[in-house]
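This report describes strand pairing, helix packing and salt bridges in one protein model. Please read it with the sequence and the structure open.

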Amino acid sequence: MAPGSGATRTTRGGWPTSGRGGAAEGYARALRAQGHALRFLGMFETAIVQYEDAEARFRDLGLEHEAARTQIGHVTGLRLLGRYREAVELAQQTRAYFRDRGDELQAAKQANNLGTIYRPMGRLTAALTAYREARTVFRRLGERADLGDVELNIGNVLVELGRYEQAIKQLRQAERLYRSLDLDTRVALALLNIGVLSHKRGDYGRALEALTESRRTYEARGVEQGVTTVDRHLLLTYTALNLREESQAAADRAIGGLRALEMPFELGEALLAAGALAEVVGERDLARERTDEARQVFVRTGNRVWEATARLQQARLLAAATDPGELRLALRECQVATRRLHAAGALDQAAFGRLVEGKVLGRLDAAQAALACFRQVLDAATALGADHLLYQVHAAIAELLEPTAPESAVASYRLAIDHLEALRARALADDLKLSFLADKTDLYERIVGLLMQRGSALAVAEAFEFVERSKSRTLLEELLAGDGQTRPNTDGSRVATLARRVRDIRTRLNSAYHVAYETDQTPSSATVGQSGQAELVARLEQEFGRATRELQLAARAERVGPLADAGPAVPTAPAGTAIVEFYAVGETLLAFVVVGGELRLRRLGTLGDVRRLTDRLGFQLGKAAFGAEYLRANLETERRGIDRCLHALWEEVVAPLEADLVGLDRLVVVPHGPLHGLPFHAFHDGERYLAERFSVTYAPSVGVYQRCLTVARPLGGRALVVGVDDPGLPWVREEVETVARAWPEATVLTGPRATIKALRRQAGTIDALHLATHAVFRADNPTFSSVKLADAWLTVADLAELARGAQMVTLSACETGLGGLTVGDEVLGLTRGILGAGCPTVVASLWPVSDETTALLMGRFYQELQNGAEPSTALRSAMVALRAQHDHPYFWAPFVVMGSGQTADERSDG
């Protein structure tokens, strides 16, 4: 048959071709679509084969325009394989084709593609030029989705150029465009890039929030490449926040995924980040191995910027050596890498290179050259607004100057701490703030040590200020922000959704505890593991922790700023009161004593001595495991033994303060380190216990104590008294009846009526809450310590909810006042949750208590309260009275008052 008569001819391996619109054209289009699908699935080599086949078929058909359109996907495949030079050549060729034919849209798309190739090659200025060319066309033609893509790409280049403020505007613009078009996966991409920028700015809380949402979207849509890319950046953010377990998991996922997807540039970034993580955790051989592999990847792909970044990391690893020759080699490598980074316009990386260079010079005793490097870093970091660099460089300057110019070192430490605290505040969530600070608290200790050497009143006052800034800041911030910081504004908000999720997990966790702890008459932290519920409880606790973090990130996103209204640097103690705040510089224990408006500094013994005495005290109190009858039968012997230990503690930490305590009758103790959990009120001076001389109150920091004083009101007359029936607590009924009689308006919940639902109905309507029950202190995870009800176990979060609006909560159970000590002297546990909810006074126990003597103590305590005594004075009177009947500290001294220990009436009288 003649051509065009409908006959079919075959070419290219026997596949059919025909005129435009025929089967051959359809097949070529199908090949192109298949190439797109394969590229989407990460099968880049196979996708390129399909693209090449489709392009050839279109040309055979005379469809050059379709062949050129196919090359757009082809270019992307080459880029993702790291074949950048081929990709650039093909992109330029295709862009020229579309320009010649007046197809502005396709030419702009290829310009966008070209910029995306230039970026991993380190040609950042060229990338920016290409992107802006594309943006002009997309705007004019109203191509909003493409405009979103190019806004995103411009933002990414601006990030690498260190122009953060411009970059965030671009990225937010892209996110808004994608959301308006309901393009979920593109929103995920925008969030990914916002997370990357937030990380670079030191906004680690926002980075984690954006990256987590991005990963969740990609995972829901089955976009493996997106999930893996997010993991690569989560690795960086987790590492910056000192979240070691999460960091390692993200590293493993990212490296494995990127190897499988054959994405070399991205793999190099992940290897570099994993190398930095290995360095942090002390795996130096692995750090070198991963950094070397990353550098080889960047050399192969021709990316000079990232090759220089890898070289800089190699230099930093070398700089850990002590050999001067290796240090000089590290210096040379660092200088070469820094010059290349600066020439490429990667200003933040170049500044970090100068920082490393300065540190190496300092170790080589070239102090002036080191300072010159640090000044360059200061200039660059100030221009970038980069708190993470400013904190590090000021700390490096201070450390360099400390031996020779302590005054200048103090000035630099001040600035370093200011920038550190700005970064910490931007971590947003409580657990992230704590983990971020984990390896940085030495700055506070260093500046306090230097200020102590001055010895002047002004220097002591400033040292006290930094001690306060180092202690329980998360709790203080929670108190200053008020109780609404994590509450939803509207029922339909994301915060409301997250709040409901937190509460749902908490309900399931309470039920799991109820099942687990019912297997043991007197449950302990070991009970869960023995109950068969360990796996379920561990999973729910992890879910609860993650959900709480997400809620706090969302609720606090717009509340970032410096901590305000923290009170004066040196407070005024109430009349008749001494505030004693302990702190340690190295092994030296210090006490800052505030009486009236005067601040005094006292040097005490050593932390090592206190630790040994604390162990001895634990041994003495541990004899209570033999039972109350054993202690009574051996009263004199056992009391003398524990009194010797309590006297030694008094000698170590109280005796040096005796001159400051003359004529006073109230003592506020702010412990530090191993002093947390010690019964100061039971310390023995050789003749008397401290409780016979003072009403003692405990507080996590002076700032927290002052805040508790500020919010304290008259105690009021509405009480909720809760008692749990249990064979192991025969005196609970009597305790509940006695406590209830002391209140004008008392709601009593006992036995099966003591349910979590019944308690929640009373929340916000009571002045005082008294819980007589069992408790479990979780030394492994204090945040999940809990107290027993008839149908559930109240966690820290439950107690915080119930305590809102109350003036006093009493936890009449074992070890309710214990807490887990974490970074920054933050104490986690039941009492911390109650104080954080805004309740100014908590009464809790430091060790397992006697059911019988607790009932007697509480009866006298509440009688004193109703006679007008403040909580700390009432507890002191109750202890002194009980001691007359049961003269061993185990019986009369387990309970402490935490927070203010006063009511508004007593405060105003003072």
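## A parallel pair and its crossover

Strand β8 (residues 718-723) pairs with strand β9 (residues 745-750) in the parallel sense, over six bridges. Within β9, T750 is the bridge partner of G723. Between the two strands the chain passes through helix α33 (residues 732-741), and this β-α-β crossover is right-handed. Right-handed means that, with the strands pointing away from the viewer, the path from the first strand over the helix to the second runs clockwise. Helices (H or I, at least four residues) and strands (E, at least two) are DSSP runs numbered from the N terminus; two strands pair if DSSP finds at least two bridges between them.

The model is predicted: local features need pLDDT of at least 70 and side-chain atom pairs count only at pLDDT 80 or more, while totals for chains, interfaces and linings use all residues. Residues are numbered from 1 along each chain as its sequence is written, and side-chain values use heavy atoms, with hydrogens and water left out.

## The eleven-stranded sheet

An open sheet of eleven strands runs in the order β5-β4-β3-β6-β7-β18-β17-β14-β10-β8-β9, and its pairing is mixed. β5 (598-606) and β9 stand at the edges with a single partner strand each, so one side of each has no neighbour in the sheet. From one strand to the next, the twist averages 20°. Axes here are lines fitted to C-alpha atoms, for helices over the stretch in contact, and angles run from 0 to 180 degrees between N-to-C directions.

Strand β3 (residues 577-585) and strand β4 (residues 588-595) run antiparallel and are joined by eight bridges. In β4, L589 is the bridge partner of A584. Helix α22 (residues 442-454) packs on the sheet and touches β3, β4 and β5, with its direction at about 110° to that of β3. Helix α28 (residues 607-622) also packs on the sheet and touches β3, β4 and β5; its direction makes about 70° with that of β5. Contact means heavy atoms within 4.5 Å.

## Helix α30

Helix α30 (residues 635-653) has 19 residues and reaches 27 Å from its first C-alpha to its last, close to the expected 27 Å at 1.5 Å a residue. The expected span is 1.5 Å times one less than the number of residues. Buried residues of α30 include I642, L646, L649 and W650, and also the charged residues E638, R639, D643 and E652. Buried means under 20% relative accessible area, exposed over 50%, and partly exposed in between (1.4 Å probe, protein chains only).

## Salt bridges

The whole structure holds 87 salt bridges, each a side-chain nitrogen of Lys or Arg within 4 Å of a carboxyl oxygen of Asp or Glu. In one of them, the side chains of R179 and E175 meet at 2.9 Å, N to O. Both residues lie in helix α8 (residues 164-180), four residues apart, about one turn of the helix. R179 is partly exposed at 40% relative accessibility, whereas E175 is buried at 9%.

R206 and D203 form a salt bridge at 4.0 Å, N to O; R206 is partly exposed at 23% and D203 is buried at 8%. R760 and E801 meet at 3.4 Å, N to O. R760 lies in helix α34 (residues 756-762) and E801 in helix α35 (residues 796-803), so the pair ties together parts 41 residues apart in sequence. Salt bridges that share partners also join E636, R639, R640, D643, E692, R883 and D887 into one network.
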